[in-house]
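This report covers one structure, shown below.

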2 protein chains.
Amino acid sequence: MADSLTDPKMAEKLDGLRMTKQRKVVYDVVQELAIDHPTASSVYTKAKEIMPNISLATVYNCLETLTEAGAITQVNLHREASRFCPNLQPHAHFFCAKCDSVFDVNLNEQADASEPWNLPDGSKIQEMNVAMRGLCPNCQDS
Amino acid sequence: MADSLTDPKMAEKLDGLRMTKQRKVVYDVVQELAIDHPTASSVYTKAKEIMPNISLATVYNCLETLTEAGAITQVNLHREASRFCPNLQPHAHFFCAKCDSVFDVNLNEQADASEPWNLPDGSKIQEMNVAMRGLCPNCQDS
DNA sequence: GTTTATATCAAGAACTATTCTAATAAAGGG
DNA sequence: CCCTTTATTAGAATAGTTCTTGATATAAAC
Ligand SMILES: [Mn+2]
Ligand SMILES: [Mn+2]
Ligand SMILES: [Zn+2]
Ligand SMILES: [Zn+2]
């Protein structure tokens, strides 16, 4: 699993891009906060602990660069701030309406997420985004 | 199918809310432009042809009210402006990356969109959002 | 039908997340 | 090192949306 920017597969994706200190810090922070699916400003707050002079614009730039390189993915729900996720497996997201936490939801073995959908004839899917909102197990009991 | 605000089922959902001229105009425009999945400002532009003094704030208010009442749904992709859809059947959306059009994608007969997903034990889904991005049949040939 | 209460509307200000701009700094090949 | 390219920074700008306030309209109570 390509969970490091120095992984050979990831290095290939990042070909042509400079692996600057800032990009490395941003990537490491997204990894560290992965379970929270951090927003750009959460990443900024944490990144400043390591690199106090990093700017918010740089965090946005790095997140965009890493997303385009395929090292992380951008996750959106409604109009809230984008969140970022370093899990590169195909997966969906469950947003708890009560505690605002986000959970990765994996695809069942051998399943295809686009299967139950009646896609337009001749269309070609490049990416698929599945988000669910509801109550998480913790918030259910209260 | 509850495709009119005067439909008994819809009237029930709107219980307690006034069916003002503005709300009716906004709803009718969303119906009229349904195939486009119009944004708030598209709705505003069209609504002004019918009611020149309607304000953008009122369009936003009406869209929110109608969404909360369940008369229309709000559709989001990435960080673009929200779009609105009067199709109340469970369906997904296909966004063409080239021509920016949006298509309704229906669920196969008897299928359940949450089926292929390994949901967290004990969680309860309230809503599910499926969006795909790719090339539409028209844009494929070019 | 008048009064009173409540819901809604309109205009513009405010807000938030994000993107842009322009100047400075850092990478990295030769 | 030097040079060219690319990245970073701070702050301004932007888009979409939400909020605030006072004016209006509608409904309910009398
Ligand atoms: Mn994730
Ligand atoms: Mn739709
Ligand atoms: Zn929760
Ligand atoms: Zn197209």
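## Basis

A residue is called buried under 20% relative accessible area, exposed over 50% and partly exposed in between, with a 1.4 Å probe and protein chains only. The model is predicted: local features need pLDDT of at least 70, side-chain atom pairs count only at pLDDT 80 or more, and totals for chains, interfaces and linings use all residues. Residues are numbered from 1 along each chain as its sequence is written, chains are lettered from A and ligands numbered from 1 in the order in which they are written, and side-chain values use heavy atoms, with hydrogens and water left out.

## Chain A

Chain A has five helices and six strands (DSSP runs: H or I of at least four residues, E of at least two, numbered from the N terminus). Their order from the N terminus is α-α-α-α-β-β-β-β-β-β-α. Of the 142 residues in chain A, 42% are buried.

His37(A), in the loop between α2 (21-32) and α3 (40-50), and His93(A), in strand β3 (residues 91-96), are 56 residues apart. His37(A) counts as buried because its relative accessible area is 2%; His93(A), at 6%, is buried too.

## Exposed loop

Glu115(A) sits in the loop between β4 (102-107) and β5 (117-118) of chain A. With 55% relative accessibility, Glu115(A) is exposed.
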